[in-house]
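Dear colleague,

I am passing on the structure below, together with some notes on what was found in it. Please read the notes with the model open beside you.

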Amino acid sequence: MADKGEVILKVKNVSKVFSSKGINVRAVTNVSFDVKKGETIGIVGESGCGKTTLGRCIVRAIEASEGEVLYKTLEGREVNFLTLDKKQMKPIRKEIQMIFQDPYSSLDPRMTVLDIVAEPIRANYPKMPKKEREELVKDIAEKVGLNTTYLMRYPHAFSGGQRQRIGIARALILKPQVIVCDEAVSALDVSIQAQIINLLKDLQREMDLTYIFISHDLSVVEHISDKVGVMYLGRMVEFGETEKLFSSPRHPYTEALLSAVPVADPDVKMERIPLQGEIPNPANPPSGCYFHTRCRYCTKKCTEVAPELTEVDGRMVACHRAEELSLRGFDYSKM
Ligand code: SF4
C-alpha cells in the first residue's frame, strides 16, 4: 500500500471529445495533475467548464478520448486505469469510487437502503454470506452517521443530507483508496453541506481516503482541499496549493471567481469583478487564450497565441501575463 504523501494517481493529458452529427466538442483538453495519498484536490470552474466530464473520465464512467490515468493500486502495482480491460478492471474498480451530485436521483427508489449500500458487495463478492454482508453495511452506516434501525426503509423516507450519507456509504463499502466527489454537496442546504463536508473530512482521516472534489462552489472547495485546479472551457488554467491560489491568484479567471465568493459579514463590501459575456461555445472556442473574450487584461498576443501551463510563483498557470499582473486574492481577514 502507498504511504501518505506518495503520488497514487497521475492524470496525464486527459482529453474528451464528444462528437455528434459531424460536430466535435472538446469538453476536456490535455488536463494533467498528480494526486498524493491522503490529499484532497479540488476542481472548480463555472458550469460547462468540463470538471464533471474530467471526473467521469478519471473513474471511467465515460471513456476519455486521449490521455492516461496512472494509478498505484493498494497492492502497489502501477496501472493505466484507462486501458484496463473488463477482467483487469474488476479487482481495481472497487479502489476508485464516485459520490454523485444528486442524492435524489442517484439512489434507486425501489431498493431499500440496505440493498443500495450492499449492492457493490453483491457485485464484487457474490459468495459472501448474507449475514456478513449485512454486518458490513451496518458498520459503514454507523460510520457515516445513519441510523441502522432504518436500513429497511426506502430512499424517499430520508432527507437530502441523509440520502447523501447513503450515497457516501455505498461509495465506501468496498474500502476504496480514491473517491471522486462530483458536486457532492451542491444539492444540499448550507447547514447540511457543512455536516457532509465535516463527515467527508472525518472519514478521510479515519479511512486514509484520497479525494478529487469537484464543485462550482469556491468556499466549499477552499474549506476541504489541499490543492485546487481551476478549469475554464475544458482546460486547466491554474493549479496549486489552496491557500496560495486563494490568497494570491495568478490567473485572471481565478481572480474573477474569487471576487464572487460571498463574505459572511454585512459590513464588508466586496468589489466583484464581473466576467463579460457568456462562456464561449466549446464547439467553436476562441482563438489564442480561450479566456480572452472575457478577460479585462487581454492583449493582442492573447487573441492569437494560446498560453501554455507553466510554473509561476509555485503553481501552474496558463496566462501570458501571469508574471506581471498583480491580481486580487481572497482576503482571509474578512472571514
Ligand atoms: Fe487574460 Fe491574456 Fe492571461 Fe488569457 S493570456 S488570461 S487573455 S491576460
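Ser15 has Glu66 as its bridge partner in β4, and Lys12 stands opposite Glu68 in that strand. These residues belong to the pairing of β1 (residues 7-20) with β4 (residues 66-72), two antiparallel strands joined by 5 bridges; strands here are DSSP runs of E with at least two residues, and helices are runs of H or I with at least four, both numbered from the N terminus, while two strands count as paired if DSSP finds at least two bridges between them.

Please bear in mind that this is a predicted model, in which local features need pLDDT of at least 70 and side-chain atom pairs count only at pLDDT 80 or more, whereas totals for chains, interfaces and linings use all residues. Residues are numbered from 1 along each chain as its sequence is written, and side-chain values use heavy atoms, with hydrogens and water left out.

β4 also pairs with β5, again in the antiparallel sense, over 3 bridges, and there Lys72 stands opposite Glu78. The hairpin of β4 and β5 has 5 residues between the strands, and Gly76 in this hairpin takes a positive phi near 95°.

The open sheet that holds these strands has 4 of them, in the order β2-β1-β4-β5, with antiparallel pairing. Because β2 (23-36) and β5 (78-80) each have a single partner strand, they stand at the edges, and one side of each is left without a neighbour in the sheet. Helix α1 (residues 51-59) lies across β1, β2 and β4 and runs at about 115° to β1, where contact means heavy atoms within 4.5 Å, and angles run from 0 to 180 degrees between N-to-C directions of axes fitted to C-alpha atoms, for helices over the stretch in contact.

A further open sheet has 8 strands in the order β6-β7-β8-β3-β9-β10-β12-β11, with mixed pairing. Its edge strands are β6 (96-99) and β11 (310-312), each of which pairs on one side only. β11 is joined by 3 bridges to β12 (residues 315-317), and the two run antiparallel, with Thr310 opposite Val317 in β12.
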